[in-house]
Amino acid sequence: MRWFLPGLLACVLAQAVLLGPLSLGGIRPDLFLLLVFLVSQRVSPEAATLLGFMVGLFQDALSGSPLGLRAFTDSLMGFLAARLSHDMYTDKPLALFWLLLGGTAAAGGITLALLTFFLGPPPLFPALLWVIAPEALYTAAVGLLIVWLPQFRAVLARAA
Amino acid sequence: MSAILRLLARYRRATILTTTLVVSFLLMTLQVRHETAVVSFTRQVLLFTVSPFIKVTAATVRGVSNTWRDYVDLRGLQEENTRLQRETAILKRRIDQLEEQALETQRLQALLAMRQASRAEFLTARVVGKDATNWFKTVLLDRGSLEGVRRNQPVVVPDGLVGRVVEVTPTSAKVQLLTDPVNAVGGLIQRTRVTGIVSGNLGAGARVRYLPLMADVVGGDQVVTSGMGGVFPKGIPIGRITAVERRSGALFQEATLQPAVDLSRLEEVLILTTLEANAGREAGTSLGAGAGFEAGNGRRP
């Protein structure tokens, strides 16, 4: 929890400045959503909702999106992640990857639904092909690295 | 009253979730037609909080990458190398630096030439950040209202149009790029003088919409700003048509457009801070204020 604000600042800087060279076809991993997922594992659903809301507001401010778009998505995803964290806990990399993939894709789906409601329907196929699917894959891969790498190193250290 | 408070405390989880979702929804609703003071203030406070960190990080990244490049250049050198080899390496590095400086000078000269050629006033700015989502295409500049940047000011580079300022804090400004899905700019096919609306899409590039069905538009046609709307001066290159789509039964034809500017590699840009009315008409060039439809689709702040 004490890492939340430094984590948020790190996400802001990484997403706005540092991830440019790592973008694949213009797509970057959604570090804000990963932060929400990671923090939500350690706090109550109420706190996760509020932290998700705060993260989302910052993401909206740094983006061209209407203020509230990602705040809505991130607070909902924070609540769900915290609520389901005990039932869905896994340390298996593949399962973790699929969970992150599903979560990010769901967040993309919610964003698409809100954009459709407020700004009119964006073309569905390009949205799935160019934004939701690659973003989910990239975010899940990066999330897996962040979560699993320390565990992998611990296993190696024990083996040594 | 106390009964309500007790009820809220009992269902605290649902209350907090519902409140955050409703507040988010309300914030979005307030922006559908036009931006309210509350939304604008919130947005500016959030952006103002992080923009100094972003500027410092961008400057640090530039410094570190330059140092790293120097380090990589120097790493291969060993003391056993002959003096000639050392000199060659040093000279190569100098050439690299000079080439980099020459490229920067070229870019800045082009910006300066553009500035001198037109009668508008420009402000040079550096790109320090990119959009935090993959849904929109915006960049953050290191100039803000303290230097005279205002909303809706056009942003250009010598190659053509970049976008327009949509958000300003005292020290930074957010620019909606030409390729942003909710951006809309009045475009003019230079060869046939047909007008359309240029907007971004979720993939790469942009599209020209609302082209009359019988209009003569072919691949390779140059598209420039139409000047209608008074936001963008007339005649700024937007891009080239790459393909034209005519769907049966449609009232208009559409075309895909390759922007004239590589928007993924922006470093320095010019913000048009003031546009002299009628400058283009008098000078026979492209600058001038018009009237009509432009500057976004009206559904976004």
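This is a predicted model: local features need pLDDT of at least 70, side-chain atom pairs count only at pLDDT 80 or more; totals for chains, interfaces and linings use all residues.
Student: Which residues lie nearest the centre of the second largest pocket?

Tutor: The second largest pocket holds about 1000 Å³ of space, and 32 residues line it. Those that lie nearest its centre are A:Leu34, A:Phe37, A:Leu38, A:Gln41 and A:Val147.

Student: Which helices of chain A each supply at least two residues of that lining?

Tutor: The helices that meet this condition come from several stretches of chain A, one of them being H5, which spans residues 93–119.

Student: How many residues of the lining of the second largest pocket are nonpolar, how many polar and how many charged?

Tutor: Sorted by class, the residues lining the second largest pocket include one that is charged and eight that are polar. The nonpolar class in this lining numbers 23.

Student: How is H2(A) oriented to H3(A), and what is the handedness of their crossing?

Tutor: The axes of H2(A) and H3(A), the latter covering residues 45–61, lie 10 Å apart and pack at an angle of about 165 degrees. Because angles over 145 degrees count as roughly antiparallel, H2(A) is roughly antiparallel to H3(A). The handedness of the crossing between H2(A) and H3(A) is right-handed.

Student: How is H2(A) oriented to H4(A)?

Tutor: H2(A) and H4(A) have axes 8 Å apart, and they pack at an angle of about 30 degrees. Since angles under 35 degrees count as roughly parallel, that value makes H2(A) roughly parallel to H4(A). H2(A) passes H4(A) in a crossing that is right-handed, and the orientation asked for is roughly parallel.

Student: What orientation do H2(A) and H5(A) have to each other?

Tutor: The axes of this pair come within 11 Å and cross at roughly 120 degrees, and H2(A) passes H5(A) in a right-handed crossing. An angle of 65 to 115 degrees would count as roughly perpendicular and one over 145 as roughly antiparallel. The orientation of H2(A) and H5(A) to each other is therefore oblique.

Notes:
Residues are numbered from 1 along each chain as its sequence is written. Chains are lettered from A and ligands numbered from 1 in the order in which they are written. Side-chain values use heavy atoms; hydrogens and water are left out. On a 1 Å grid over the protein atoms alone, a cavity is a set of points where a 1.4 Å probe fits but cannot get out, and a pocket is an open set with protein on both sides within 12 Å along at least five of seven lines; lining residues have an atom within 4 Å of a point. Grid points are joined across faces, edges and corners, and a volume is the space filled by probe spheres set on the points. Helices (H or I, at least four residues) and strands (E, at least two) are DSSP runs, numbered from the N terminus. Ala, Val, Leu, Ile, Met, Phe, Trp, Tyr, Cys and Pro count as nonpolar, Asp, Glu, Lys and Arg as charged, and the others, Gly among them, as polar. Axes are lines fitted to C-alpha atoms, for helices over the stretch in contact, and angles run from 0 to 180 degrees between N-to-C directions. A crossing is left-handed if the near helix is turned anticlockwise from the far one by less than a right angle, and right-handed if clockwise.
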